[in-house]
Amino acid sequence: MDSVMAAGNGRHRVVVLALDGVYAFEMGIPPRIFGAAQDAGGQPLYDVVVCTVDGGPVRTDAGFQVMAEHGPEALAEADTVVIPPTAGLCDGATDGALSPRVAAALARVRPGTRWVSFCTASYVLAAAGLLDGRPATTHWKEADHFRRTFPRVALDEDVLFVDDGDVLTAAGVGAGVDLCLHLLRRDHGSAVAHRVARFCVVPPWREGGQAQFIERPVPEPTLATTAATRAWALERLHEPLPLGELASHARMSLRTFTRRFQEEVGMPPGRWLTAQRVELARALLESSDLPVDVVAHRAGFGTGNSLRQHLRAVLGVSPAAYRKTFAGGGPAARAAPVPTAPAR
């Protein structure tokens with residue numbers, strides 16, 4: 001694990017801090033995703049609790065109140081703190097300063113704790129000084145205001161989430177799910193993350209550098225989509241899969257296929273294919289002792305050198321180093337963070 005383990009049962013403790021006006025859906029993401037993670041023996045990998053700044057109830061955006069089981073004392077026992085967004089911009093942090101009650105609660109968090117924000121909860125991390133000089137993201141709609149309020153933050157509003165090691169920020173609703181699955185993968189490998197994604201019936205992986213879906217038109221239902229071709233390609237990642245072959249399978253011209261793929265997925269077909277191949281290579285490195293050249297062939301990279309280049313570009317490590325991290329069925333050390341925004 002990449003942060004201090006909770007005392008007692010030895011499980012990593014995730015503490016969700018619900019502020020007044022919290023969005024109910026986002027508040028429920030960490031308990032749902034981390035709470036579904038189990039080891040090979042069916043034992044939970046995380047303890048997940050929800051707390052408030054004073055132990056009292058908080059309003060949600062959905063017309064009901066939440067009475068959390070814990071007060072701010074839970075933050076002192078956290079290995080990961082997750083802050084969901086609120087209606088408005090998080091308890092006064094819009095002017096760049098935390099309210100005294102929130103500041104007092106956050107002061108309980110131990111050094112070395114991992115911080116996570118969803119959507120505009122990035123305002124809380126920024127107001128606490130945790131994002132100064134660091135890359136981060138927030139909801140695209142608030143990007144200009146955020147940048148004016150926190151000029152020392154290296155904001156990138158064009159990505160789904162940013163992993164900067166011990167501080168991670170997600171852009172919006174669905175990106176919170178993506179970020180939690182990313183953390184499962186970082187902590188325990190692809191197999192655990194995929195099992196949880198399947199159980200929760202959500203996509204198992206979208207890379208953090210994928211663009212936010214900003215005012216992108218949804219294709220008309222009567223029009224053909226690229227979904228079937230994407231599913232077809234995932235079964236053939238070991239093959240070359242040139243763009244022309246993909247367009248032909250989709251029964252579209254190259255121009256139409258490329259445009260529609262970008263609209264639906266948020267990135268060009270070639271970049272998407274590379275991302276899927278990296279993910280397959282990671283899974284093979286974690287779950288098998290196949291030689292690197294064989295992993296490269298099965299993932300569609302052709303040669304071990306090509307795989308090394310792509311894995312180092314995405315994760316900053318070699319295939320051998322990545323495999324060593326997951327030796328023995330679990331990470332022996334922290335997996336390298338995904339870059340803020342991979343080359344587009």
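Modeller: Start with burial. Of the 344 residues in the protein, 50% are buried.

Biologist: What makes a residue count as buried?

Modeller: Buried means under 20% relative accessible area, exposed means over 50%, and partly exposed lies in between, with a 1.4 Å probe and protein chains only. A word on the source: this is a predicted model, where local features need pLDDT of at least 70, side-chain atom pairs count only at pLDDT 80 or more, and totals for chains, interfaces and linings use all residues. Residues are numbered from 1 along each chain as its sequence is written, and side-chain values use heavy atoms, with hydrogens and water left out.

Biologist: Why is Met252 called buried?

Modeller: Its relative accessible area is 13%. The limit is under 20%, so Met252 is buried.

Biologist: Where is Met252 found?

Modeller: In the loop between helix H8 (243–249) and helix H9 (254–265). Helices are DSSP runs of H or I with at least four residues, strands are E runs of at least two, and both are numbered from the N terminus. The protein has 13 helices and ten strands.

Biologist: Which residues is Met252 in contact with, leaving aside neighbours within four places in sequence?

Modeller: Ala224, Thr225, Thr226, Ala247, Phe257 and Arg260. Contact means heavy atoms within 4.5 Å. Thr226 is 26 residues from Met252 in sequence, yet their C-alpha atoms are 9.3 Å apart.

Biologist: Are Cys51 and Cys119 buried or exposed?

Modeller: Cys51 has a relative accessible area of 0%, so Cys51 is buried. Cys119 has 10%, so Cys119 is buried too.

Biologist: What makes a nonpolar core?

Modeller: It is a set of buried Ala, Val, Leu, Ile, Met, Phe, Trp, Tyr and Cys residues joined through side-chain atoms within 4.5 Å. In soluble globular proteins, nonpolar side chains tend to be buried together. Here the largest core has 34 residues, and Ile33, Leu184 and Val196 touch the most other members. Helix H5 (173–188) is among the elements that supply at least two residues each. H5 gives the most, with seven residues.

Biologist: Which residues does Ile33 contact, beyond its neighbours within four places in sequence?

Modeller: Val177, Cys180, Leu181, Leu184, Val196 and Cys200. A second, separate core of 30 residues includes Ala74, Ala78, Trp115 and Val153.

Biologist: Why is strand S6 called largely enclosed?

Modeller: Because five of its five residues are buried. Both faces are covered: Arg114, Val116 and Phe118 on one side, Trp115 and Ser117 on the other.

Biologist: How do you know that S6 pairs with S10?

Modeller: Two strands pair if DSSP finds at least two bridges between them. S6 and S10 have four, in the parallel sense, so they meet the rule. Trp115 stands opposite Val167 in S10. Strand S5 (residues 80–83) also runs parallel to S6, joined by four bridges. There, Ile83 stands opposite Ser117.

Biologist: What makes Thr113 buried?

Modeller: Its relative accessible area is 4%, so Thr113 is buried. Thr113 lies in the loop between helix H2 (100–106) and S6. Beyond its neighbours within four places in sequence, its contacts include Ala78, Asp79 and Asp166.
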